[in-house]
Amino acid sequence: MEFTINQIAQLLNGRVEGDGSQKIYKLDKIQEGSPGGISFLSNPKYEPYLYTTGCSAIIVSEDFEPQKEVQAILIRVKDAYSGFTRLLEIYGDSKTTQLVGVEEPSYIDSTSSMGENAYRGAFSYIGKNCKIGNNVQIHPQVYIGDQVTIGDNCVFHPGVKIMKQSQIGNNCEFFAGAVVGSDGFGFAPQSDGTYKNIPQLGNVIIEDDVSIGANTTIDCATMGSTIIRRGVKIDNLVQIAHNAKIGEDTVIAAQSGISGSSEIGRNCVLAGKSGIVGHVKLADRTTVGANTGVSKSIDKPGHTVLGFIGFEIKDFLKSYAVFKKLPLLQSKLKDLEKKQ
Amino acid sequence: MEFTINQIAQLLNGRVEGDGSQKIYKLDKIQEGSPGGISFLSNPKYEPYLYTTGCSAIIVSEDFEPQKEVQAILIRVKDAYSGFTRLLEIYGDSKTTQLVGVEEPSYIDSTSSMGENAYRGAFSYIGKNCKIGNNVQIHPQVYIGDQVTIGDNCVFHPGVKIMKQSQIGNNCEFFAGAVVGSDGFGFAPQSDGTYKNIPQLGNVIIEDDVSIGANTTIDCATMGSTIIRRGVKIDNLVQIAHNAKIGEDTVIAAQSGISGSSEIGRNCVLAGKSGIVGHVKLADRTTVGANTGVSKSIDKPGHTVLGFIGFEIKDFLKSYAVFKKLPLLQSKLKDLEKKQ
Amino acid sequence: MEFTINQIAQLLNGRVEGDGSQKIYKLDKIQEGSPGGISFLSNPKYEPYLYTTGCSAIIVSEDFEPQKEVQAILIRVKDAYSGFTRLLEIYGDSKTTQLVGVEEPSYIDSTSSMGENAYRGAFSYIGKNCKIGNNVQIHPQVYIGDQVTIGDNCVFHPGVKIMKQSQIGNNCEFFAGAVVGSDGFGFAPQSDGTYKNIPQLGNVIIEDDVSIGANTTIDCATMGSTIIRRGVKIDNLVQIAHNAKIGEDTVIAAQSGISGSSEIGRNCVLAGKSGIVGHVKLADRTTVGANTGVSKSIDKPGHTVLGFIGFEIKDFLKSYAVFKKLPLLQSKLKDLEKKQ
């Protein structure tokens with residue numbers, strides 16, 4: 001990347017404050033910048049760095065008013081965060097080369113085929129009767145089981161495993177080591193205390209624009225389908241159990257777990273390490289806090305829950321504040337009892 | 001699968017209520033069924049669906065009494081859940097084909113060999129001096145280290161890694177990406193604040209009928225063996241540390257962790273995200289609730305614990321109920337103090 | 001291994017109490033030992049086993065005074081634990097053979113090369129323009145992306161994935177299935193409720209003497225670098241998000257998670273399943289308890305926090321002790337109210 005500040009402002013529909021002829025050749029963090037770098041200011045927490053940054057240029061929002069003198073050239077745009085994201089994309093596009101072709105040895109059953117502009121890395125494996133769209137990248141050491149269907153523009157990073165009969169839409173990305181369609185955890189207790197396998201005969205359906213993190217696991221349904229709807233973004237080391245359903249544009253952070261048959265609504269946010277028990281439903285736009293366990297359905301949309309067994313975040317934080325003072329409360333109570 | 005309802009009833013030792021000549025060709029969920037489908041009713045929570053289901057037939061228990069008119073044909077069996085599980089098995093058997101043969105390229109050291117009816121997938125690797133029984137399936141991209149012994153009828157799904165000297169019984173199943181026998185986390189603190197590796201010289205022993213979930217990790221012992229007893233079922237993304245011992249027929253749900261040298265009894269149930277500290281023992285039939293941390297041994301069998309630091313579930317739930325009202329308690333206490 | 005007790009004492013600068021001519025040929029646990037075995041006593045909790053052990057020899061500390069008669073020969077050293085660790089090392093060295101050579105098929109781009117004494121296992125993959133030092137072991141099914149640099153004496157166990165542009169120091173070990181440099185979880189919310197990928201253009205830097213556990217995931221930075229400093233030891237199934245920085249000689253136990261842009265100091269200890277929110281800093285020598293969530297920066301070094309939202313461990317334990325008695329407190333309060 002090498003642009004002038006003026007050129008970048010033009011790309012972003014922005015306005016330059018200062019000398020726009022300087023050259024920019026890298027993206028920086030505002031607190032670590034050096035000459036030739038560009039960064040952005042969106043979170044007010046980072047404002048102090050604006051006055052000390054070594055970056056040549058900073059993208060800020062139209063209405064931002066600096067409190068001190070700023071050394072860097074400012075580019076004013078409608079929304080600084082989106083503007084910078086756009087710049088990241090342009091930069092990313094300029095660095096990414098579309099992989100095409102076949103590296104050997106790789107394995108594809110004769111009954112399966114890939115569309116145009118395909119990449120199959122070395123040691124990748126594609127089973128029987130798979131239908132795979134155009135512009136799909138199968139990186140090295142990926143496994144695609146039998147009867148898998150895959151749309152266009154999907155990327156499977158190294159070591160991803162897609163088990164048989166999975167159905168995957170367009171524009172999906174699977175990060176290294178993710179496992180999709182492994183058997184659900186289903187065992188029927190027997191009268192002698194042992195367990196018997198319950199065959200897991202369903203599959204996983206993943207719609208368009210879904211992202212699945214590294215070493216995340218998504219189990220197939222016992223019957224029917226585990227379903228990940230359009231636009232869902234799942235982080236690393238997440239567990240999605242059999243027959244779960246995740247609504248459109250829901251975001252699930254790392255190490256969260258969704259138990260069997262639970263249904264998460266649209267536009268929900270599950271923070272890191274959250275856990276949802278089986279057979280419950282979460283309304284649209286529910287937010288589940290970090291570490292939080294959800295033990296029953298949440299019917300009203302738009303709520304945020306927090307806690308070991310989660311409840312309304314405001315109430316939890318009030319209770320937790322008192323929890324911290326419990327020894328004091330206890331001694332006050334004792335004092336009162338003595339005075340009786 | 002294509003049977004008449006009468007044929008299915010015969011397979012399950014059941015009794016038909018209605019026209020048993022209708023044909024069934026798929027398994028359905030009771031709430032999602034359509035004609036030609038069969039499902040079951042066991043959990044009373046699902047009873048309302050019995051009256052609205054589109055399934056042609058429903059398996060119910062002998063003594064079940066419907067509260068309204070039922071459209072579907074009923075098959076009455078001793079236990080509806082077991083009956084349906086049996087049906088799943090029959091269906092599963094009819095769909096599964098035993099894989100046999102070798103896909104190339106694959107790697108097996110000349111000092112190792114597999115028994116009869118073996119399957120070795122492409123890009124699988126088998127090290128030196130391994131002894132592997134009959135009817136074993138080594139799927140693509142599986143790694144088996146040196147001096148591993150494996151019994152009969154085991155299945156290793158794609159990308160499973162079994163490290164050297166592991167000993168595995170009969171009828172075990174390892175799901176994609178599971179790692180068995182990786183080094184335990186052992187580092188000796190040095191006086192200068194650094195850590196020195198403690199060599200991990202032990203192994204992992206897995207007895208018969210064990211199931212290990214996708215991307216789960218089981219560490220080898222520092223010395224001696226990490227032991228997973230007969231019939232243990234472990235879900236996805238579980239961590240079992242060095243020298244842990246898991247008793248027969250114990251079930252461990254996803255994202256749980258067992259720290260070093262801890263011993264879990266027989267027929268225990270560890271719910272999702274539970275965590276057990278090191279060097280403790282859990283009595284037989286202990287149940288550990290979701291998200292629960294266990295910080296000391298549990299001596300009496302058959303107890304259920306819950307909580308951030310787990311204790312008897314009944315007591316925890318009572319305390320948590322009061323926790324939710326702590327701000328109110330606090331203000332009541334203040335009122336009392338004022339009145340003094 | 002076959003040494004006399006006298007020889008072992010000599011290796012450890014120790015002093016024998018009893019007949020030092022007996023032969024030792026294996027390492028044992030003190031509670032499980034048998035003749036020919038040697039073990040150690042360091043944790044007083046294990047002292048009862050000293051009087052019943054079947055081991056031929058036990059390493060104890062110089063100043064240890066047995067309370068009963070001991071059958072085993074004692075080797076007295078400065079520190080029993082370190083002494084035994086040293087013995088483990090000697091034993092380990094005698095068992096480990098340095099792997100050298102290339103197994104086929106394996107893949108290395110013509111623009112990349114490895115140093116002396118290299119091992120490349122079957123089905124391993126090395127991308128473009130990689131620089132790899134001496135004595136590096138790339139086990140089977142490992143993936144090394146483009147432009148990765150690796151120092152000397154590193155070991156990559158089976159199935160490890162190192163994504164492009166990662167920089168790795170000397171003497172690092174990566175256990176099976178670990179993923180380094182996968183994309184950070186970055187999505188910009190759009191006004192219509194959908195999310196747009198934020199390109200992840202940074203990398204991961206791992207300094208010398210680092211250990212990364214099985215199936216652990218470390219994301220690349222959005223820009224700049226995710227940094228793991230010298231001597232850091234990370235257990236299995238840990239998540240390190242984009243732009244995190246982990247200080248020297250910090251230890252992170254299994255299933256912990258560090259969110260984006262957080263900075264952990266030097267010589268910290270994060271117990272199992274701990275979680276750190278994004279954009280906070282932990283001072284040097286901070287200890288975070290098991291299951292504990294850290295929601296804000298910890299400024300003073302050397303503190304230990306515990307709790308759902310962690311605070312000073314002593315205070316948490318006091319509060320938790322009262323929490324267990326909350327129903328009692330509540331009824332006492334009610335009694336007092338009645339008496340008013």
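In this predicted model, 67 residues of chain B are in contact with 66 residues of chain C. Put together, chain B and chain C bury about 5,100 Å² between them, and carbon and sulfur atoms carry 65% of that area. Three residues stand out on the chain B side: Phe185(B), Met223(B) and Phe308(B) supply 15% of the area that chain B buries against chain C, more than any other three residues.

The elements of chain B that give two or more residues to the side touching chain C are the strands β20 (179-182), β21 (187-189), β22 (195-197) and β25 (217-219), together with the helices α4 (313-324) and α5. Sorted by class, that side of chain B has 29 nonpolar, 28 polar and 10 charged residues.

One helix pair is worth a visit in your viewer. The axes of α5 (residues 326-339) of chain B and α5 (residues 326-339) of chain C come within 11 Å and cross at roughly 35°. The crossing of α5(B) past α5(C) is left-handed. On the chain B helix, the contact is made by Leu326(B), Leu329(B), Lys332(B), Leu333(B) and Leu336(B); on the chain C helix, by Leu326(C), Gln330(C), Leu333(C), Leu336(C) and Glu337(C).

Now turn to chain A and chain C. Here 66 residues of chain A are in contact with 68 residues of chain C. The area buried between chain A and chain C is about 5,100 Å², with 65% given by carbon and sulfur atoms. Phe123(A), Phe323(A) and Leu333(A) supply 11% of the area that chain A buries against chain C, more than any other three residues.

The table sets out the two interfaces.

| Interface | Item | Value |
|---|---|---|
| Chain B and chain C | Buried area | about 5,100 Å² |
| Chain A and chain C | Buried area | about 5,100 Å² |
| Chain A and chain C | Salt bridges | zero |
| Chain A and chain C | Polar contacts (both at pLDDT 80 or more) | 20 residue pairs |

Which elements of chain A build its side of the interface with chain C? At least two residues each come from α3 (80-95), β27 (233-234), β30 (251-252), α4 (313-324) and α5 (326-339) of chain A. The largest share, eight residues, comes from α3(A). By class, the side of chain A that touches chain C has 33 nonpolar, 16 polar and 17 charged residues.

Over all chains, the salt-bridge count comes to 15. Side chains of opposite charge can pair when their charged atoms come close. One of these pairs is Arg229(B) with Glu207(B), whose side chains meet in a salt bridge at 2.7 Å, N to O. Arg229(B) lies in the loop between β26 (225-228) and β27 (233-234) of chain B, and Glu207(B) lies in the loop between β23 (203-206) and β24 (211-212) of chain B, so the pair ties together parts that are 22 residues apart in sequence.

Finally, a few backbone details to check. Most residues other than glycine have a negative phi, and most peptide bonds are trans. In chain A, a cis peptide bond joins Glu104(A) and Pro105(A), with omega about 0°. Pro105(A) sits in the loop between β8 (101-102) and β9 (107-108) of chain A. In chain B, Glu104(B) and Pro105(B) are joined by a cis peptide bond, with omega about 0°, and Pro105(B) is found in the loop between β8 (101-102) and β9 (107-108) of chain B. Asn135(A), a residue other than glycine, has a positive phi near 55°. Its place is in the loop between β12 (131-132) and β13 (137-138) of chain A.

How values were computed. Residues numbered from 1 in each chain as written. Chains lettered and ligands numbered in written order. Predicted model: local features only at pLDDT ≥ 70, side-chain atom pairs only at ≥ 80, totals over all residues. Heavy atoms only, no water. Contact = heavy atoms within 4.5 Å. Buried area = accessible area lost by both parts, 1.4 Å probe. Salt bridge = Lys/Arg side-chain N within 4 Å of Asp/Glu carboxyl O. Polar contact = N/O pair within 3.5 Å; in protein donor to acceptor, adjacent residues only side chain to side chain. Helix = DSSP H or I, 4+ residues; strand = E, 2+ residues; numbered from the N terminus. Nonpolar A, V, L, I, M, F, W, Y, C, P; charged D, E, K, R; others polar. Axes fitted to C-alpha atoms, helices over the stretch in contact; angles between N-to-C directions. Left-handed = near helix turned anticlockwise from the far one by under 90°.
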